[in-house]
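Dear colleague,

I am passing on the structure below, and after it you will find notes on what came out of it. Please read them alongside the model.

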Amino acid sequence: MGGRIDSLIQQLNAPCPACAAHQRQQEARRQQRKRLAARLRAARTEQARLRMAVADLKVTVADLKTALAEKAATEAGLRERLAAALRELPAAAQDARAQLPVPRRPRDRQLSTKDVSATRQLVTQAEELDSSGREDLALTLLRQSTTELLTPAETALVVTELRYRERDRLADDLIHVYGRDQENQDVMAVALELHEEGAPDDAGAILRAALG
């Protein structure tokens, strides 16, 4: 009997393979639940972050729409002001688009007081836009005026006036855009005017812009 009792006690104390397997399964399930819980917390955090980002984007879009509406209103006002200012230009300036921009004789390069006043008024408007942080609108105003309405002599005066007022960035941008977009005859005429006005560097720059 004693021997049987000892044998039974040994059997009871011996590890149970089925119990060990069950314990391992339970531990694996606990670890899996921990991982799933961590992933769920991370997903909720990411969801909250995305909601905040979407809210910020909505605010940004609303601000951009407001800015675009203000810009459109500003451009409309500028067009009206430009049209009013350019109506004061002499008929010769208004007809310049239909004439071949050939180099003029020395006496033809002399601008009248009215021409100079109108051109400086244009530069003043561009300067005001530039000072208020609207450099793109200032350049648009200058580009449209010089390419559509002003003569080569007046365009050269715009460049020299910008240099005089230390608006070098506007002058450089205008030279680049004019030289790139205008016909070679126009560019050569303006370059000649600039050279005659004592601005050989700008004359060379506008020719280089035309060559690309």
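Asn184, Val187, Met188, Val190, Ala191, Leu194 and His195 in H8 meet Pro200, Asp202, Ala203, Ile206, Leu207 and Ala210 in H9, where contact means heavy atoms within 4.5 Å. Sorted by class, this contact of H8 with H9 comprises 10 nonpolar, 2 polar and 1 charged residues, with Ala, Val, Leu, Ile, Met, Phe, Trp, Tyr, Cys and Pro counted as nonpolar, Asp, Glu, Lys and Arg as charged, and the others, Gly among them, as polar.

This is a predicted model, in which local features need pLDDT of at least 70 and side-chain atom pairs count only at pLDDT 80 or more, while totals for chains, interfaces and linings use all residues. Residues are numbered from 1 along each chain as its sequence is written, and side-chain values use heavy atoms, with hydrogens and water left out.

Helix H8 (residues 184–196) and helix H9 (residues 200–211) pack with their axes 7 Å apart and at an angle of about 170°, and are therefore roughly antiparallel (over 145 degrees).

Elsewhere, Leu162 belongs to helix H6 (residues 152–164) and is buried, with a relative accessible area of 0% (buried means under 20%). Leaving aside residues up to four places away in sequence, Leu162 touches Val123, Leu142, Arg167, Asp168, Leu170, Ala171 and Leu174. From Glu127, Leu162 is 35 residues away in sequence, and the two are 8.3 Å apart in space, C-alpha to C-alpha.

As for confidence, the protein averages a pLDDT (the predictor's confidence in each residue, from 0 to 100) of 77, and 75% of the residues score at least 70.

Definitions and conventions: Axes are lines fitted to C-alpha atoms, for helices over the stretch in contact, and angles run from 0 to 180 degrees between N-to-C directions. Helices (H or I, at least four residues) and strands (E, at least two) are DSSP runs, numbered from the N terminus. Angles under 35 degrees count as roughly parallel, over 145 as roughly antiparallel, 65 to 115 as roughly perpendicular and the rest as oblique. Buried means under 20% relative accessible area, exposed over 50%, partly exposed in between (1.4 Å probe, protein chains only).
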